[in-house]
Amino acid sequence: MRYLGVDFGLKRIGLAISEGNLATPLKVVEVNSFKDATHQVLDLIKKGGFNKVVVGLPEGKMGQTVLGFIK
């Protein structure tokens with residue numbers, strides 16, 4: 001199974017890939033807006049053939065932003 005790990009941020013998104021128990025850094029994506037972030041990550045998911053996506057969920061206000069990103 002192929003996983004994509006996402007560490008969401010409003011300016012940068014950290015991405016990692018895993019095919020087992022350990023994740024390896026993939027890249028950091030610079031984003032200009034929330035919409036840009038969703039488009040870039042969705043494009044990577046489609047092209048990368050990932051089976052599952054794991055998104056880190058922080059607490060507080062940023063956690064609410066990340067929930068919007070996940071939807």
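Predicted model: local features only at pLDDT ≥ 70, side-chain atom pairs only at ≥ 80, totals over all residues.
Ser-18 touches Met-1, Arg-2, Tyr-3 and Ala-23, leaving aside residues up to four places away in sequence. Ser-18 belongs to strand β2, which covers residues 12-18. With a relative accessibility of 9%, Ser-18 counts as buried, because buried denotes a relative accessible area under 20%. Its side chain also reaches the backbone oxygen of Leu-22, at a distance of 3.0 Å.

The setting of this residue is a protein chain with 2 helices and 4 strands. Read from the N terminus, the elements follow the order β-β-β-α-β-α. The chain has a radius of gyration of 12 Å, close to the 11 Å that the globule rule gives for 71 residues, so it is as compact as a globular protein of that length. The C-alpha trace spans about 30 × 25 × 20 Å along its principal axes. Of the 71 residues, 27% are buried. Contacts that join residues at least 24 apart make up 41% of those between residues at least 6 apart in sequence. The chain exposes about 5,100 Å², and carbon and sulfur atoms supply 54% of that area.

Charged side chains come next. Side chains of opposite charge can pair when their charged atoms come close. A search of the whole structure finds 3 salt bridges. One of them involves Arg-2, a residue already named among the contacts of Ser-18. Arg-2 forms a salt bridge with Glu-19, and the closest N and O atoms of the pair are 2.7 Å apart. Glu-19 lies in the loop between β2 and β3 (23-30), whereas Arg-2 lies in the segment before β1 (3-7), so the bridge ties together parts that are 17 residues apart in sequence. Glu-19 is exposed, at 57% relative accessibility, while Arg-2 is partly exposed, with a relative accessible area of 25%.

A salt bridge also joins Arg-12 and Glu-30, whose closest N and O atoms are 3.3 Å apart. This pair links distant parts of the chain, with Arg-12 in strand β2 and Glu-30 in strand β3, 18 residues apart. Arg-12 is partly exposed, its relative accessible area being 48%; that value falls in the partly exposed class because exposed requires over 50%.

A further salt bridge is found within a helix. The side chains of Asp-43 and Lys-47 meet at 3.3 Å, N to O. Both residues belong to helix α1 (residues 34-48), and because they are 4 residues apart, about one helical turn separates them. Asp-43 is partly exposed, with a relative accessible area of 35%, whereas Lys-47 counts as exposed at 67% relative accessibility.

The surface also carries a nonpolar feature. Leu-57, Leu-67 and Ile-70 form a nonpolar patch there, with about 260 Å² of accessible area together. Leu-57 is located in the loop between β4 (52-55) and α2 (60-70). With a relative accessible area of 52%, Leu-57 is exposed, because that class begins over 50%.

Notes. Residues numbered from 1 in each chain as written. Heavy atoms only, no water. Patch = residues over 30% accessible without salt bridge, like charges linked within 9 Å, V, L, I, M, F, W, Y side chains within 5 Å. Areas by Shrake-Rupley, 256 points an atom, 1.4 Å probe, with all protein chains shown as cover. Salt bridge = Lys/Arg side-chain N within 4 Å of Asp/Glu carboxyl O. Buried < 20%, exposed > 50% of the residue type's maximum accessible area, 1.4 Å probe, protein only. Rg over C-alpha atoms; globule rule 2.2 N^0.38 Å. Contact = heavy atoms within 4.5 Å. Polar contact = N/O pair within 3.5 Å; in protein donor to acceptor, adjacent residues only side chain to side chain.
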